[in-house]
Amino acid sequence: MSRTELGTLGEFGLINRIKAGFETHHQASTLKGIGDDCAVIDLGNDEVMVISTDFLVEGVHFDLSYTPLKHLGYKCVAVNVSDVAAMNAVPTQITVSIALSNRFSVEAVDELYAGISAAADNFKVDVVGGDTTSSLKGLIVSITVIGRAKKADIAYRSGAKVGDVVCITGDLGGAYAGLQVLEREKQEFLANPEMQPQLDQKDYIVQRLLKPEARMDVIYDLKEKGVVPNAMIDISDGLASEILHICDASNVGVLLYEDKLPVEQDTLNALYEFKIDTTTAALNGGEDYELLFTVSLEDFEKIKNQPDIIAIGLIHEKEKGHHLVSGKGYLYPIKAQGWNHLSGEK
Ligand code: ADP
Ligand code: MG
């Protein structure tokens, strides 16, 4: 039998291949299976449950030489809650599974769980189970989150409509800039352990990487304003990749405006230092865990004064394509260059 390298499919190609085998559901209550931020299960009485699961693997998703375990615990919960937020739902319970080698001490596990506990308190979720096993090398954390919503409030990736305003919460590129700083400090420390880390004015971007927040605050704001996004996704792989997911699922095209992309001053400064193009970082940086959503013009009127919600583009017909409009008015095709863990690695 011939062997096909995983890199030829990529992460999304592989997920689509798996998905193809499970398009038919055995249960009428399965409203959404593979292919959104969470699966959606019908509970009756116009209520639904949402479920999502995520792995964080040492050496792939985090580097313990500069990631405090407490922050890691917090982040593992936040990234899962972010997928619940991306459905416009509210998280209720999580399970936590860990695989670890004897390199880790009891105190290290305590630290990890202190972060998990802080996040559980913050997002008001209960830790209701999990699994513990050993690994040959390194730490793996997998969290499953359960949430709840009214059926009518769920925002799928597939609901974007022509004429919708594309909105984003917070700002972009910070986590990517933080990663560059921490990687540089690590290399310098390895070369010269006497070196003190140069993290002046880097607090914001370092925190964006190490301790991201799920934007549940925005979900509560939207509820208060009576706005249900037509489509929504959270930004884990980068804006470009995520907007293309929404457009693919919704069968629409998009125009994003380069000069509307929100990037913080601290992020701009660091990107300048590393000679990284701001737009590239905003589009492809990833790990910002902000929300990307589309709303009707009418609903946009209700939220346009929220300081943390920024309009960055418009949904149009699929035939018009997927483009970024530069400051000077040129059109550039949007391409997904999100993380691809599966290529180049053997
Ligand atoms: P997100 O970035 O929002 O966590 P992913 O890109 O990881 O989403 O996953 C996209 C979809 O594919 C989700 O519905 C997820 O549950 C599903 N999925 C990912 N990996 C697998 C797998 N190995 N088997 C089945 N479904 C999967
Ligand atoms: Mg997601």
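A polar side-chain atom of Asp83 lies 3.0 Å from an oxygen atom of ligand 1. Taken alone, ligand 1 exposes 560 Å², of which the protein buries 65%; accessible areas come from the Shrake-Rupley method with a 1.4 Å probe, and for residues only the protein chains shown count as cover. This is a predicted model, in which local features need pLDDT of at least 70 and side-chain atom pairs count only at pLDDT 80 or more, while totals for chains, interfaces and linings use all residues. Residues are numbered from 1 along each chain as its sequence is written, chains are lettered from A and ligands numbered from 1 in the order in which they are written, and side-chain values use heavy atoms, with hydrogens and water left out.

**Ligand 1**

- The residues around ligand 1 are Phe12, Ile15, Ile18, Ile34, Gly35, Asp36, Asp37, Asp54, Asp83, Arg157 and Ser236; a residue belongs here if one of its heavy atoms lies within 4 Å of the molecule.
- By class, this shell has 4 nonpolar, 2 polar and 5 charged residues, where Ala, Val, Leu, Ile, Met, Phe, Trp, Tyr, Cys and Pro count as nonpolar, Asp, Glu, Lys and Arg as charged, and the others, Gly among them, as polar.
- Helix α1 (residues 10-20) gives the most to the shell, with 3 residues; helices (H or I, at least four residues) and strands (E, at least two) are DSSP runs, numbered from the N terminus.
- A polar backbone atom of Gly35 is 2.8 Å from an oxygen atom of ligand 1.
- An N or O atom in the side chain of Ser236 is 3.4 Å from an oxygen atom of ligand 1.

**Strand pairing**

- Strand β11 (residues 309-317) pairs with strand β7 (residues 165-169) in the antiparallel sense over 5 bridges; two strands pair if DSSP finds at least two bridges between them.
- Strand β9 (residues 252-257) also pairs with β11 in the antiparallel sense, over 5 bridges, and Val254 stands opposite Ile315 in β11.
- Strands β8 (residues 231-234) and β10 (residues 291-295) run antiparallel and are joined by 4 bridges, with Leu292 in β10 as the bridge partner of Ile233.
- From β8, Ala231 and Ile233 point one way and Met232 and Asp234 the other way, and all are buried; buried means under 20% relative accessible area, exposed over 50%, and partly exposed in between (1.4 Å probe, protein chains only).

**Thr169**

- Thr169 is found in strand β7, and its bridge partner in β11 is Ile309.
- Thr169 counts as buried because its relative accessible area is 0%.
- The side chains of Thr169 and Glu290 make a polar contact (2.5 Å); such a contact is a pair of N or O atoms within 3.5 Å, where within protein one must be able to donate a hydrogen and the other to accept it, and residues adjacent in sequence count only if both atoms are side-chain atoms.
- Not counting residues up to four places away in sequence, Thr169 touches Arg215, Val218, Glu290, Leu291, Phe293 and Asp308; contact means heavy atoms within 4.5 Å.

**Residues with positive phi**

- Asp46, a residue other than glycine, has a positive phi near 60 degrees and is found in the loop between β2 (39-44) and β3 (47-57).
- Asp46 is exposed, with a relative accessible area of 55%.
- Asn88 is not a glycine either, yet has a positive phi of about 65 degrees; its place is in the loop between α2 (69-85) and β4 (90-100).
- Asn88 counts as buried, at 2% relative accessibility.
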